[in-house]
Amino acid sequence: MPQTDPFHSLVPRKMTDSELARSIRLNIEAELDAINLYAAHIDATDNEEAKAVLRHVMDEEREHAALFWQLIARLDPEQAQHAQEAVEKFRLIISGAPHESVEAVGKEGKGGAEAPEPSIVKRLTVGNMRP
């Protein structure tokens, strides 16, 4: 069975945090591939014992992926900033904020425009588009 050479990405010196972050991104990719593979196996069988084992292993892979994301945040400050902005953008998007507010996050100093409360977000309807 072919295996990835564990030394293929090694450099003849210690890696910088940036280089290590790049390598960890590949690890995340492998974890996500494994999660999808195990999920497909679960879907493809009616054997409950096998499903239980696969779910357990799949959950471990999810934990590994999450831990790697935390490590990336430590190794790559720009990635960490994007992650923080994504949390705010997600909040704005699901609250119904206008596109401009979402895109302003991370610009203009501290996080851009504030989102209006979901209950006061203006919604266009046929009625309010009439002259």
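Which side chains meet in a salt bridge at 2.6 Å, N to O? In this predicted model, local features need pLDDT of at least 70, side-chain atom pairs count only at pLDDT 80 or more, and totals for chains, interfaces and linings use all residues. Residues are numbered from 1 along each chain as its sequence is written, and side-chain values use heavy atoms, with hydrogens and water left out.

The pair in question is Arg 25 and Asp 76. Helices are DSSP runs (H or I, at least four residues), numbered from the N terminus. Arg 25 is partly exposed at 29% relative accessibility, whereas Asp 76 is buried at 18%. Buried means under 20% relative accessible area, exposed over 50%, and partly exposed in between (1.4 Å probe, protein chains only).

The structure holds four salt bridges, each defined as a side-chain nitrogen of Lys or Arg within 4 Å of a carboxyl oxygen of Asp or Glu. Another one joins Glu 19 to Arg 13, with the closest N and O atoms 2.7 Å apart. Glu 19 is buried, with a relative accessible area of 18%, and Arg 13 is partly exposed at 47%. A further salt bridge links Arg 91 and Glu 88 (2.7 Å, N to O). These two residues are three apart in helix H3, which means that about one helical turn separates Arg 91 from Glu 88. Arg 91 is partly exposed, at 36% relative accessible area.
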